[in-house]
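Let's take a friendly walk through a protein model, one piece at a time. Have the sequence and the 3D view ready.

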Amino acid sequence: MPFKIIHKLKPFDRRRHPRLNLHCVAKFETKDTKEKLSCLTNLMNLSEGGALVVTFNQKIPSNTKVELEFPLPGIKGTVKAEGTVRNTVAKGKKFFESCIQFSDLSKENQNILKEFVESRLKRKK
């Protein structure tokens, strides 16, 4: 007997903050590791609570402490944040996507991120 799908359930999303797709260059640096990694990376999406970055030829292990610094379009200066890599996934042979959860973000930068993400998401509607 064939089944008919009546209602598709949305996948569960554990994120607490709205996330914005954004492509910009970020300065990325590991902390508290034997081999320090410092490079420019692509920031792919962003929220008040974290970011997704893409690295080339560098798989960043989970639980690695990192520092990010990046500009935001239309915002003067840069945003600085410290965080922890929650997971890293290979995307092809040489690219890796790392999910970073912010752990140390000044109140000023937190407000900048929140207002920036919310205003950009409103524009898309």
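How many bridges pair strand E1 with E4, and in which sense, parallel or antiparallel? Strand E1 (residues 20-31) and E4 pair in the antiparallel sense over five bridges.

## Before you start

This is a predicted model: local features need pLDDT of at least 70, side-chain atom pairs count only at pLDDT 80 or more, and totals for chains, interfaces and linings use all residues. Residues are numbered from 1 along each chain as its sequence is written, and side-chain values use heavy atoms, leaving out hydrogens and water.

## The overall plan

The chain has one helix and six strands, following the pattern β-β-β-β-β-β-α along the sequence. Helices (H or I, at least four residues) and strands (E, at least two) are DSSP runs, numbered from the N terminus. Of the 125 residues in the chain, 33% are buried; buried means under 20% relative accessible area, exposed over 50%, and partly exposed in between, with a 1.4 Å probe and protein chains only.

## A closed barrel

The six strands close into a barrel in the order E1-E2-E3-E6-E5-E4, with antiparallel pairing. Neighbouring strands of this sheet are turned by 45° against each other on average, direction ignored. The axes behind that angle are lines fitted to C-alpha atoms (for helices over the stretch in contact), and angles run from 0 to 180 degrees between N-to-C directions. Two strands pair if DSSP finds at least two bridges between them.

Follow E4 around its neighbours. Seven bridges join E4 to the antiparallel strand E5 (residues 78-91), where proline 71 stands opposite threonine 78. E4 and E5 form a hairpin with six residues between them, and glycine 74 in the turn has a positive phi of about 85°. Elsewhere, E2 (residues 38-46) and E3 (residues 50-56) pair over four bridges, and leucine 46 has alanine 51 as its bridge partner in E3.

Strand E4 (residues 65-71) has a covered face with Val66, Leu68 and Phe70, and an uncovered one with Lys65, Glu67, Glu69 and Pro71.

The largest nonpolar core has 24 residues, of which Leu46, Leu68, Phe70 and Phe102 touch the most other members. E1, E2, E3, E4, E5, E6 and H1 each supply at least two residues of this core, and the largest share, five residues, comes from E1. Such a core is a set of buried Ala, Val, Leu, Ile, Met, Phe, Trp, Tyr and Cys residues joined through side-chain atoms within 4.5 Å.

## An aromatic pair

Phenylalanine 56 and phenylalanine 95 form a tilted aromatic pair, 5.2 Å centre to centre with 55° between the planes. Rings of Phe, Tyr and Trp (its six-membered ring) pair if their centres lie within 6.5 Å; planes under 30 degrees apart count as stacked, over 60 as edge-to-face and the rest as tilted. The pair links strand E3 with strand E6 (residues 95-104), 39 residues apart.

Is asparagine 109 buried or exposed? Asparagine 109 is buried, because its relative accessible area is 11%. This residue lies in helix H1 (residues 107-124). Leaving aside neighbours within four places in sequence, asparagine 109 is in contact with Thr78, Val79 and Lys80, where contact means heavy atoms within 4.5 Å.
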